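Subject: Structure handover

Hello,

Here is the structure for you to look over. My notes on it follow below.

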Amino acid sequence: MATGIPGVPGLEAVRHRLGAELFARVAGPEGPANRVRIHESPGPRWFGPDRPIRTVHGDAAMFAGGLRALLLQSLHPLAMAAVAAHSGYRGDPWGRLQRTSTFLAVTTFGTAEDAHRAVERVRAVHRRVRGRTADGQEYAAGDPRLLGWVHAAEVDSFLNAHRRYGARPLEEAAYDGYVADTARVAAALGIPDPPTDQAGLAARLESYRPELRATAQARDAARFLLLRPPLPWAARPPYAVLAAGAVTLLPHWARGPLRLPYLPLVEEAAVRPAGRTLTRTIRWAMTPPSPPPSPSGDGTERPGR
């Protein structure tokens with residue numbers, strides 16, 4: 001990918017600053033150290049460099065996919081109650097995002113040992129998260145049925161976001177491979193029989209439909225995520241584009257309960273193109289610059305560099 005446009009003074013500085021700010025938001029203060037550990041530590045990985053999960057999780061389309069996942073997951077009353085009571089999404093939304101993004105990065109790109117430790121930490125947290133909904137239903141974050149919903153909604157969101165906004169959308173067989181890759185992480189988290197292809201994923205999501213509804217907590221979370229994000233005013237217009245793009249990715253049956261509009265002509269003519277442009281901008285900002293050419297001019301780096 002090109003790292004700049006010749007003749008535009010200061011563009012590379014803008015790119016560096018924007019990329020650094022985005023990375024800091026998503027990865028947090030430990031981000032630089034985590035990045036080195038995840039990508040540079042020697043050892044076997046769960047997924048090789050050619051696996052679809054690396055393509056999907058390494059793309060800027062994840063920004064829209066993550067927001068879509070949160071909206072969709074909120075439709076399960078037990079999942080939403082657990083999030084509202086225990087996740088700190090209002091008091092520490094960036095911390096929650098950073099923990100989630102680090103987990104995804106470690107399990108996708110990190111060593112098998114590091115991925116295993118990350119999974120064990122999440123399972124330990126899940127064992128402590130228990131409670132009751134406002135109408136008296138008990139929930140436990142470690143409940144395999146509840147974990148299965150969170151996983152299916154997340155994978156479906158990341159897949160659909162990549163299909164629409166990814167730099168290089170995959171073939172259908174590769175998207176099946178992506179679902180199969182995510183099943184390895186799901187099984188490690190304690191989810192029984194996770195789906196391993198797109199047909200299985202669609203069937204799994206459909207099986208949850210009778211359990212889904214929009215509670216007051218879910219609609220309140222949607223308003224917070226879409227209309228009142230904890231961002232400076234200068235960042236809100238691009239975030240609004242991201243949020244609108246995420247909403248267009250939701251299935252139609254999920255929008256009504258959350259009171260989200262469906263305007264197909266506006267979405268096709270304006271929202272989706274704007275979402276693609278924003279995603280390209282994020283990708284441009286967060287892609288490391290290409291290394292400078294070697295002194296030999298043949299692209300080969302000299303020893304000791």
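Helices here are DSSP runs of H or I with at least four residues, strands are runs of E with at least two, and both are numbered from the N terminus. Please keep in mind that this is a predicted model.

**Overall**

By that count, the chain has 14 helices and two strands. Its radius of gyration is 20 Å, close to the 19 Å that the globule rule gives for 305 residues, so the chain is as compact as a globular protein of that length. Along the principal axes, the C-alpha atoms fill a box of roughly 70 × 45 × 40 Å.

Of the 305 residues, 44% count as buried. Take the contacts with a separation of 6 or more: 72% of them come from residues 24 or more positions apart. On charge, the chain has 39 positive and 28 negative ones, and their mean positions lie 5 Å apart.

**Helix 4**

Helix 4 covers residues 62-73, twelve in number. From first C-alpha to last, helix 4 reaches 16 Å, close to the 16 Å expected at 1.5 Å a residue. How many of its residues are buried? Nine of the twelve are, so helix 4 is largely enclosed by the rest of the structure. The cut-off for buried is under 20% relative accessible area. The buried residues are M62, A64, G65, L67, R68, A69, L71, L72 and Q73. Note that R68 and Q73 are in that list.

**L205**

L205 sits in helix 10, residues 198-208. Its relative accessible area is 9%, so L205 is buried. What does L205 touch, leaving aside neighbours within four places in sequence? The contacts are W149, A152, A153 and D156. T108 is 97 residues from L205 in sequence, and the two C-alpha atoms are 23 Å apart in space.

**Two loop residues with positive phi**

D193 is in the loop between helix 9 (172-189) and helix 10. Its phi is near 50 degrees, a positive value in a residue other than glycine. Is D193 buried or exposed? D193 has a relative accessible area of 61%, over the 50% cut-off, so D193 is exposed.

R259 is in the loop between helix 13 (252-258) and helix 14 (264-286). Phi of R259 is near 60 degrees, again a positive value in a residue other than glycine. With a relative accessible area of 62%, R259 is exposed.

Best wishes

Methods. Residues numbered from 1 in each chain as written. Predicted model: local features only at pLDDT ≥ 70, side-chain atom pairs only at ≥ 80, totals over all residues. Heavy atoms only, no water. Rg over C-alpha atoms; globule rule 2.2 N^0.38 Å. Buried < 20%, exposed > 50% of the residue type's maximum accessible area, 1.4 Å probe, protein only. Contact = heavy atoms within 4.5 Å. Lys, Arg positive; Asp, Glu negative; His and termini not counted. Charge placed at Lys NZ, Arg CZ, Asp CG, Glu CD. Expected span 1.5 Å × (residues − 1).
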